[in-house]
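Hi,

Here is the structure I promised to pass on. Have a look at it first, and then read my notes below.

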Amino acid sequence: MTNIAPDKSGRARSKRPPTIHDVAAHAGVSRGTVSRVLQGGRNVSPAAQEAVNAAIRKLDYVVNRAARSLVTQRAGSIAFVLSETQDVFFEDPNFTTLLRSCTAALADHDIPLVLITAGTEAERRRISPYLSAHHVDGVLLFSSHRGNPLIEHLQRAAVPFVCCGKPLGRHGAVSYVAADDREGARTMVRYLFESGRKRIATIAGPQDTPGGLERLLGYREMLAEHGVRFAKRMVAIGDYSRASGEACMRQLLTQVPDLDAVFVASDLMADGAMSAIERAGLRIPADIAVGGFDDSPVATALDPQLTTIRQPWDRISETMVRQLLAQIEGEGSATVILPTELVVRAST
């Protein structure tokens with residue numbers, strides 16, 4: 001729709017943008033009905049809702065979010081808060097996948113997403129007043145390390161929030177959505193044993209994160225079920241980065257030179273581990289099988305492609321968004337644990 005029309009002198013002039021009153025007149029409904037449609041369609045008949053949506057499309061109506069906020073007392077936006085440093089966001093493809101999926105899930109509700117990184121104490125000090133002032137209606141919180149101060153801050157400020165992963169060291173009602181890290185690790189290690197591997201090491205994630213703890217626990221449980229005694233020298237602890245995966249694999253090759261498989265707690269660390277194995281003159285999977293965790297884009301970019309545990313990223317994002325919107329509407333906290341899936345490729 002063009003917004004330029006000639007005035008009486010023939011010169012072009014700007015037409016005013018359509019208003020909610022224009023939409024109501026075009027749809028043949030009241031202004032209140034249009035307002036209810038814009039706020040989610042509660043108590044609106046299907047016919048009226050379709051008429052309003054058709055009028056919005058016809059008139060190219062754009063919601064005045066500032067005006068809506070005055071009426072609803074809501075900001076009309078959600079924050080994606082990553083409690084990691086910016087370099088982690090750009091290195092780890094899991095976070096960009098989650099950001100994209102959350103943005104898509106919120107787009108269905110016409111709600112914009114604000115990206116905030118809070119990986120340092122200085123960044124947390126800067127964003128705390130912003131969140132406390134309710135400049136966003138809720139927070140999707142990612143990468144919850146044990147004792148993450150943002151959780152307590154959001155609770156004190158009464159800001160609705162949902163964590164990605166089970167918060168560690170927290171008591172009371174905290175909403176979270178997580179993949180089944182423990183069972184995913186069990187599945188991978190079981191598969192390695194069933195493939196004939198005998199000496200299976202692991203590169204675990206940070207032990208102040210739920211994924212780091214749960215995946216290591218699953219590894220230990222599966223060793224016990226196969227009658228293998230747990231040995232500390234078979235474990236190296238990384239930080240989910242590629243560099244740490246490479247360093248940990250070098251450590252394991254020194255400590256356990258006869259290992260024949262390694263379960264790595266993230267695909268990015270598995271990338272580094274595979275590089276270390278090849279630099280040592282060993283073959284994958286003939287000498288050492290490698291299993292990862294995530295099924296991120298890294299897994300299919302490697303050569304050989306990585307056998308891994310698939311996390312349901314889209315379902316995690318959609319469920320987090322659904323839980324957060326329910327909290328904003330006054331519902332209580334909830335927790336959801338989603339199943340993972342083994343994806344077999346050439347690295348095993």
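A quick definition to start: a residue is called buried when its relative accessible area is under 20%, exposed when over 50%, and partly exposed in between (1.4 Å probe, protein chains only). Bear in mind that this is a predicted model, where local features need pLDDT of at least 70 and side-chain atom pairs count only at pLDDT 80 or more, while totals for chains, interfaces and linings use all residues. Residues are numbered from 1 along each chain as its sequence is written, and side-chain values use heavy atoms, with hydrogens and water left out.

Let's begin with Ile 200, which sits in strand 8 (residues 200–204). Helices (H or I, at least four residues) and strands (E, at least two) are DSSP runs, numbered from the N terminus. Ile 200 counts as buried because its relative accessibility is 2%. Its contacts (heavy atoms within 4.5 Å) include Val 189, Tyr 219, Met 234 and Ala 261, leaving aside neighbours within four places in sequence. Leu 259 is 59 residues away from Ile 200 along the chain, yet their C-alpha atoms are separated by 6.2 Å.

Two strands pair here if DSSP finds at least two bridges between them. Strands 10 and 11 run parallel and are joined by three bridges, and Ala 261 stands opposite Ala 289 in strand 11.

Ser 266 is buried, since its relative accessible area is 4%. Beyond residues up to four places away in sequence, Ser 266 touches Tyr 240, Phe 293 and Asp 294.

There is another open sheet too, with six strands in the order 4-3-5-6-7-13, again parallel in its pairing. Strand 4 (113–117) and strand 13 (335–338) are its edge strands. Helix 6 (residues 93–107) packs on this sheet, touching strands 3, 4, 5 and 6, and its direction makes about 170° with that of strand 3. Strand 3 (residues 78–82) runs parallel to strand 4, with five bridges joining them, and Val 81 stands opposite Ile 116 in strand 4.

Cheers

Key:
Axes fitted to C-alpha atoms, helices over the stretch in contact; angles between N-to-C directions.
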